[in-house]
Amino acid sequence: MMKRILNAEIRLFLLTAVFAASPLLAQKNKPAKIKAAALQVEMIQSDEIKLPAEFQVALYENLIRQLEKNGFSHVYRDGDRNAASVAELVVLHSTVRGFKAGSEKARQVTTVSGATSITVHCQFTSPDGTSLLERDVNGKVRFFGGNLKATYDFAKKAAHVANENFSTPGTE
Amino acid sequence: MTFRGITVLVGLASLFAGLVIPVANAQQVSGPVKVVQLTGLASVKDNAKGTLQVENGQLHFVHGKASSDVSASSIQDVVTGADSQRAVGGTIGLMSMAAPYGGGRVLSLFRAKIDTLTVQYRDADGGLHGAIFTMPVGTSEVIKKELVAQGAHTTSDKEPAAASAASSSTPNKEQK
């Protein structure tokens, strides 16, 4: 009887140890962050998808703002000459892959329909064009807010991706 | 003419004037236009209400005591669009969502048409900025024309009539 209880205790301990260790192992397996002294955000491209100008601009402006909020102290805009002299510069190219305009009116009247969604392919490269990271990030507005709120949602998610994968000198 | 006849005549004249005057006002913009700056202007908060005017080669936005200028020659693209917003907005609009029997939802059906003006410009370092404004119907094309006349560039060189016709079929316009 005593032996059975002991065995059960050992099993329970081992099980607990395995579960407790798994997040630690996962953290160890996580790839190291790529060093980025500064980020340069290129204008959002939408060659394949017809995107209204205000969405394109709102995506770009929100993206820059969210990156600055997420600890990137040096975020350069498209075409900024000062970025040319920065070492360890990472360039963010964004291309719209999907867009559903939705309708604020439909959202407010029905709650369940009229969602606006945008899918953007984000490619982080070095200045010479070598790809460092590629991700598809989407932005949505389902219930409250204007259609442009989807661009804010995208920007927050894209900034989170950047923050997870790149380290700036101040945030190491 | 009887008193009744005069009343009908005055009524018809007022109705006609009511239909024509807003259109005329929308087409002839002289002086500042009331706008909402949604985003993009440096040192101006999002959703700031103010006035917009094109003068001396500058796009001049005034918000309270502060003002912001963008040189027309630095503007790379000016695009106009059409959109709509809730007729009853703000805090009252938000509070109405809690009205019983879907009263708030009924209010959402009443929407006011607005114009959008999207401007892309470069700063002194060559950095690209974008600003979005909303304004009364018919005013964005006039501002765009003035900007182009004073040196701004645009990628969509359409006549106002053609532009307004096109805007009704573009994704800019909300799906009804």
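Me: What share of chain A is buried?
Reply: In this predicted model, buried residues make up 37% of the 172 residues in chain A. A residue is buried if 20 or more other C-beta atoms lie within 10 Å of its own, exposed if 12 or fewer, and partly exposed in between, with C-beta atoms placed from the backbone.

Me: What are the conventions on numbering and confidence?
Reply: Residues are numbered from 1 along each chain as its sequence is written, while chains are lettered from A and ligands numbered from 1 in the order in which they are written. Local features need pLDDT of at least 70 and side-chain atom pairs count only at pLDDT 80 or more, whereas totals for chains, interfaces and linings use all residues.

Me: How many helices and strands are in chain A?
Reply: Chain A has four helices and seven strands, in the order α-β-β-α-β-β-α-β-β-α-β from the N terminus. Helices (H or I, at least four residues) and strands (E, at least two) are DSSP runs, numbered from the N terminus.

Me: Next, the interface. How many residues of chain B are in contact with chain A?
Reply: There are 25 residues of chain B in contact with 23 residues of chain A. S6(B) provides the largest share of the chain B side, five residues.

Me: Where is Ser43(B), and what is its phi?
Reply: Ser43(B) lies in the loop between strand S1 (33-39) and strand S2 (48-55) of chain B. Its phi is positive, about 60°, although Ser43(B) is not a glycine. Most residues other than glycine have a negative phi.

Me: Is Ser43(B) buried or exposed?
Reply: Ser43(B) counts as exposed because it has 8 C-beta neighbours inside 10 Å.

Me: What about Asn47(B)?
Reply: Asn47(B) also has a positive phi, near 60°, and is found in the loop between S1 and S2 of chain B. Asn47(B) is exposed, with 10 other C-beta atoms within 10 Å.

Note on methods:
Two residues are in contact if their C-beta atoms, placed from the backbone, lie within 7 Å.
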